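Please read them with the coordinates open.

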Amino acid sequence: MKKEDREHLFAYGTLCDPHVQVYVFGRTLSGNTDTLTGYSLREKAVLNRYPAIWEGQAGSEVPGMRYSLSAIELKKADAYETSLYFRREIELASGKKAWVYLPTNNQ
């Protein structure tokens, strides 16, 4: 697969866990650290169990990982996140664009 055919995903929660990655994608992911600025992380925000991010105050930021995925792997991530989250493309602190999952109750 060509590099330009890859999708970028910014993960800040369970998708950073190697065990979850093997479950969802059948492999562990390699990526780069990155930051999402203008958002705040809330632990146990979804179903009192899972983390989520919301647009925050100026200067707020969420550290995480930027992974390169195939289109099929991105669909697998969608299935894993269920309807509790929706996917939005956002520019990261690095200047790279990546998909990020936001809670649906924040739309």
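1. The largest nonpolar core has 29 residues, and Phe10, Leu15, Leu36 and Ile53 touch the most other members. Such a core is a set of buried Ala, Val, Leu, Ile, Met, Phe, Trp, Tyr and Cys residues joined through side-chain atoms within 4.5 Å. At least two core residues come from each of strand 1 (7-11), helix 1 (18-25), strands 3 (39-46), 4 (50-55) and 5 (61-69), helix 2 (71-81), and strands 6 (85-91) and 7 (97-103). Helices (H or I, at least four residues) and strands (E, at least two) are DSSP runs, numbered from the N terminus.

2. This is a predicted model: local features need pLDDT of at least 70, side-chain atom pairs count only at pLDDT 80 or more, and totals for chains, interfaces and linings use all residues. Residues are numbered from 1 along each chain as its sequence is written, and side-chain values use heavy atoms, with hydrogens and water left out.

3. Beyond its neighbours within four places in sequence, Phe10 contacts (heavy atoms within 4.5 Å) Asp34, Thr35, Leu36, Val62, Pro63, Gly64, Met65, Arg66, Leu92, Ala98, Trp99 and Val100.

4. The axes (lines fitted to C-alpha atoms over the stretch in contact, angles running from 0 to 180 degrees between N-to-C directions) of helix 1 and helix 2 come within 9 Å and cross at roughly 110°. Val20, Tyr23, Val24 and Phe25 of helix 1 meet Glu73, Lys76, Ala77 and Tyr80 of helix 2.

5. Thr82, in the loop between helix 2 and strand 6, has a positive phi of about 55° although it is not a glycine.

Key
Buried means under 20% relative accessible area, exposed over 50%, partly exposed in between (1.4 Å probe, protein chains only).
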